[in-house]
Amino acid sequence: MPDSAPYSLLIQHAAQVLTLAGAAPDRPLAGPALSGWTIIERGYVACLGDKIVAVGAMNELNLARLGPETRLIDATGCVVMPGLVECHTHLVFGGNRADEFERKLRGESYLDILASGGGILSTVRATRAASEAELLENALHHLEGFRRYGITTLEAKSGYGLDRDTELRLVRVAREAGHRQPVRVVPTFLGAHVVPPEFKEAGPRAYIDFLLREVLSDLKGEAAFVDIFCEQGAFPLDVARYYLEQAHKMGFGLKIHAEQLHDLGGCEMAAELGATSVDHCDYLTPAAAARIAKLSQGRTVAVLLPLVPLFLRQEKYAAGREFIDNGLPVAVSTDFNPGSCPSKNLWLALSVACLKMGLTPKEAVAAATLNAAWAIGQQHDCGSLEPGKRADVLVLNVGSVAEIPYWLGENPMRDVVIGGQH
Ligand code: NIG
Ligand code: FE
């Protein structure tokens, strides 16, 4: 397409355009840069096909590029921003755990329920029993829900199969779901979620050796990241280190669920190995966060999941404010899954990140767009409104960035544009 071709889509007269533009191209936003990005008052976003081609103030709009084929969206009074990037979900599973919700309300803890054979293991039973078609139907249902909240790219972990066939099926379903509707799906392999009953006697290391020997080689090109749950009742630190080292040698990007319920040192270990993200971090100390920022040269993203402590009735939330002040890049996600967060409302997660983790509204928006894109290796494609990126653009029923986390629990979506279509 020539540079002068008429725009195919113009979103105009926005009260504020949250660009997330102008960041260093080689690392996620950290420290003051997390809130230092540009807001354009009375702005526009222009697209050609599936790409953004121009972003600016209305008084700089090139009228020569409007033609009869230009579709117009009037965003008067509205915030326009990049599509939300949901960088940590367990999208594909069978059944639900409403019964355990009641047990939790009566006082049982997450790890007690897991130790009794419930929790993740009860979803493993339901997922193994489900057909591939059922799993796909559920995943598509949830993706439709995410799209209504303005999520335009989403990471989907496996981890409720814990045997070779079911784990590969979950990755396959995530990929297929991504092809059947517009939200882009990025699959992650979380075969190392917990030790399955079949390996109870043999133990965590034997199960990890099985994954390395019999599953990971079949995931090349199917999942870019390998993840592990490092926690009491799941995988200990030394086994997690061994697994991530081996996965790294096989060419996978690394992620870890760590410091969710105890401080085992998983985040720092994974960052030393070059992890793209370290997720949960509720028990990560600000001092360890500073060390991670330094040793990763600001490249490892801490993914904060504020709806999880809320749903697990936990008092302790990640020290987001201190992490940011210590230079650690942060992202925010729901952690959507049937056990610790059955919510797809990433807007609510942003509000709770502000209220309980000390983020500002601008920081929270950056954490669920550009930094979330970094957390799943998609920063070249999404997370900001910049020429050359995919035309994933939201029009919100609010007039300023401060209103986004303010309307607690609401869905501010008016229009969701994905790849230039809506
Ligand atoms: O990220 N913490 C481990 N895994 C998930 C929860 C999975 C579940 O409870 O089903 C999480 O919180
Ligand atoms: Fe998770």
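How many nonpolar, polar and charged residues are in the lining of the largest cavity? The lining has four nonpolar, eight polar and two charged residues. The model described here is predicted.

## Largest cavity

The largest cavity holds about 90 Å³ of space. Its lining is made up of 14 residues. Those nearest the centre of the cavity are His90, Tyr110, His193, Asn337 and Ser340.

What takes up this space? Ligand 1 does: the space it takes is the largest cavity.

## Shell around ligand 1

There are 15 residues around ligand 1. Tyr110, Tyr160, Gln260, Asp335 and Ser340 come nearest to the ligand. Sorted by class, the shell consists of four nonpolar, nine polar and two charged residues. Tyr110 and Ser340 are named both among the residues that come nearest to ligand 1 and among those nearest the centre of the largest cavity.

## Polar atoms facing the ligand

For tyrosine 110, a polar side-chain atom lies 2.5 Å from a ligand oxygen. For serine 340, the distance from a polar side-chain atom to an oxygen atom of the ligand is 2.6 Å. In the case of histidine 257, an N or O atom of the side chain is 3.0 Å from a ligand oxygen. On its own, ligand 1 has 330 Å² of accessible area, and the protein covers 100% of it.

## Second largest cavity

How many cavities of 30 Å³ or more are there? The count is two.

By class, the lining of the second largest cavity has two nonpolar, two polar and three charged residues.

## Largest pocket

The largest pocket has a volume of about 300 Å³. It is lined by 16 residues, and Leu114, Ala115, Leu121, Lys200 and Gly233 are the closest to its centre. Helix α2 provides the largest share of this lining, with three residues. By class, the lining of the pocket has eleven nonpolar, four polar and one charged residues.

Terms used
Residues are numbered from 1 along each chain as its sequence is written. Chains are lettered from A and ligands numbered from 1 in the order in which they are written. This is a predicted model: local features need pLDDT of at least 70, side-chain atom pairs count only at pLDDT 80 or more; totals for chains, interfaces and linings use all residues. Side-chain values use heavy atoms; hydrogens and water are left out. A residue is near a molecule or strand if one of its heavy atoms lies within 4 Å of it. A polar contact is a pair of N or O atoms within 3.5 Å; within protein, one must be able to donate a hydrogen and the other to accept it, and residues adjacent in sequence count only if both atoms are side-chain atoms. Accessible areas come from the Shrake-Rupley method with a 1.4 Å probe; for residues, only the protein chains shown count as cover. On a 1 Å grid over the protein atoms alone, a cavity is a set of points where a 1.4 Å probe fits but cannot get out, and a pocket is an open set with protein on both sides within 12 Å along at least five of seven lines; lining residues have an atom within 4 Å of a point. A molecule sits in a cavity or pocket if more than half of its atoms lie within 2 Å of its grid points. Ala, Val, Leu, Ile, Met, Phe, Trp, Tyr, Cys and Pro count as nonpolar, Asp, Glu, Lys and Arg as charged, and the others, Gly among them, as polar. Grid points are joined across faces, edges and corners, and a volume is the space filled by probe spheres set on the points. Helices (H or I, at least four residues) and strands (E, at least two) are DSSP runs, numbered from the N terminus.
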